[in-house]
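Please look over the sequence and the model shown here before reading on.

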Amino acid sequence: LLPLMMMLAMLSCGFAGQQLACGAARTSSATFLKLPVSADALALGGNAVVHGNGLGAVTANPAVLGFIKQHEFQTSYGSHLEGYKLFNAAYGHRNAFMNAGLSITRLAADNFEGRDAQGAPTGGFGASDMALSLSAAKIFESLALGMSVKYIASAIENESASGVAVDAGLVFLGDKYAAYPCKLGLSIRNLGAPMKYINKSDPLPLTVSAALATTIAGFVDAGVNVSNNLTEKTFEFGVGMGFNLGNSLSLSGGLSRELGAAAVSGSMPFKLTSGIGFKVSNFMLNYGFAPMGELGNIQRMSV
C-alpha cells in the first residue's frame, strides 16, 4: 500500500501542477464526494480525516478503517441543501491480516420542476449521485494505511455519467502514553478520470487533506484539519472538539471555513456544526447539525 500511496501522491501533485499552469479554477463533477457522510464527521466540522468514528470516516480517509475493533455496520441518513437527501450504508470486516470495507453513498432529489425554452412547465424530474466503494486498511505498529476504489454514477433526468476513482490515506499514531496522545492523518481523494455529461467533461474534486487530533485530560478530543481542493482551487480549514461525558454520552462541535472562488456563496462566513452521541455496548447513535444560512440546514443521523 505504501508505494501505491506514494505514486498516488506524485500523480495528484502532477494534476495540481497542470491546473496551476492553466490558471483558473475548474468546475468539478460529483461534488457530493466532498460531503461528510456520518453525523459525527459533520458535527466535528468535517474533521473526519483523523478524528472520525468508525466507518463514517472512511470516505474522508480509508486508513481509519484499520481502527475498527470488530465487524461493524453503520448507516447514515439526513437532509442536505436544495431538497436533497443523503444516505450511506457501510460494512467493515475485521481481520487479523487486513480490514476490509464496503460502502454505498447516495445523494438524491426528485422535486425539480422542468421547463422548456419558452418557460412552459414540462413536468418534474430528479437528480441523483451514487458512489460504491471497496476499501482495505492495515495497521503497522503506529502507522495505519488504507485505500479505496470506488465506482461513481450521476444522473440528471435522462442524462447520466459514470467513472472510477481512488482514495488513499494514512494515520500516524503518537505516543499513547504521553500526556496528550495525538494522531496525524493524511489523505488523497477522488483521483480519477473526468466524468462526461453529453459532450462536456468535468474533473473529479481531487482533494488533499491533513489533520491532527489529540486527547486532553482523557475525555476531550480536539482536532484541526485543512483540505485543498486542487480542482476547484478552494481551501478549507476546520476545528472540532468532542467531549465524552461518561461512558455513554458525548457532545461535539466544530467550526469550518472554505476559501476560494468556488466556495459556496449564500452560506454563513463560518460554518458552525454541532452534534450529540449515545453509545451502549456495541450500539451507537449520533446526530449532527450544521446551519447554512439562507441555503437551509444540513442534518445527519447515524446508527
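A search of the whole structure finds 2 cavities of 30 Å³ or more, where a cavity is a set of points on a 1 Å grid over the protein atoms alone at which a 1.4 Å probe fits but cannot get out, and lining residues have an atom within 4 Å of a point. Grid points are joined across faces, edges and corners, and a volume is the space filled by probe spheres set on the points. The model is predicted, and local features need pLDDT of at least 70, side-chain atom pairs count only at pLDDT 80 or more, and totals for chains, interfaces and linings use all residues. Residues are numbered from 1 along each chain as its sequence is written, and side-chain values use heavy atoms, with hydrogens and water left out.

The largest cavity holds about 140 Å³ of space. It is lined by 14 residues, of which Leu33, Thr59, Thr105, Ser133 and Lys150 are the closest to its centre. Two or more lining residues come from each of S3, S4 and strand S5 (143-156), and the largest share, 3 residues, is given by S4.

The protein chain as a whole has 3 helices and 16 strands, these being DSSP runs numbered from the N terminus (helices H or I of at least four residues, strands E of at least two). Of its 303 residues, 43% count as buried, a term that stands for under 20% relative accessible area, while exposed stands for over 50% and partly exposed for what lies in between (1.4 Å probe, protein chains only). Contact is taken as heavy atoms within 4.5 Å, and among contacts between residues at least 6 apart in sequence, 52% join residues at least 24 apart.

### Nonpolar cores

Which residues have the most contacts inside the largest nonpolar core? They are Ala30, Phe32, Leu33, Leu107, Ile152, Met195 and Leu204, in a core of 16 residues, where a nonpolar core is a set of buried Ala, Val, Leu, Ile, Met, Phe, Trp, Tyr and Cys residues joined through side-chain atoms within 4.5 Å. Strand S3 (99-115), strand S4 (121-140) and strand S6 (159-173) are the elements that give two or more residues to this core. A second, separate core has 12 residues, including Ala63, Val64, Ala144 and Val171. In soluble globular proteins, nonpolar side chains tend to be buried together.

Beyond its neighbours within four places in sequence, Met195 touches a set of residues that includes Ala30, Ile152 and Leu204, and also Ser29, Lys200 and Asp202.

### Paired strands and their turns

Strands are said to pair if DSSP finds at least two bridges between them.

| Strands | Bridges | Residues between the strands | Residue with positive phi |
|---|---|---|---|
| S3 and S4 | 15 bridges | 5 residues | Gly119, near 90° |
| S4 and S5 | 14 bridges | 2 residues | Glu141, near 55° |
| S11 and S12 | 10 bridges | 4 residues | Lys233, about 55° |
| S12 and S13 | 11 bridges | 3 residues | Gly246, near 85° |

Particular bridges can be followed from strand to strand. Arg115 has Pro121 in S4 as its bridge partner, and Ser128 stands opposite Ala155 in S5. Val224 has Val239 in S12 as its bridge partner, and Val239 in turn has Leu255 in S13.

### Individual residues

Most residues other than glycine have a negative phi, and most peptide bonds are trans. Lys233, in the loop between S11 and S12, has a positive phi of about 55° although it is not a glycine, and this residue counts as partly exposed because its relative accessibility is 26%. Ser281 also has a positive phi, near 55°, and lies in the loop between strand S14 (271-280) and strand S15 (283-291); Ser281 is exposed, with a relative accessible area of 62%.

Gly246 is found in the loop between strand S12 (234-245) and strand S13 (249-259), and at 54% relative accessibility Gly246 counts as exposed. Gly246 and Phe219 are 27 residues apart in sequence, and their C-alpha atoms are 8.5 Å apart in space.

Leaving aside neighbours within four places in sequence, Ser79 is in contact with Tyr84, Lys85, Asn297, Ile298, Gln299 and Arg300.

Key: On a 1 Å grid over the protein atoms alone, a cavity is a set of points where a 1.4 Å probe fits but cannot get out, and a pocket is an open set with protein on both sides within 12 Å along at least five of seven lines; lining residues have an atom within 4 Å of a point.
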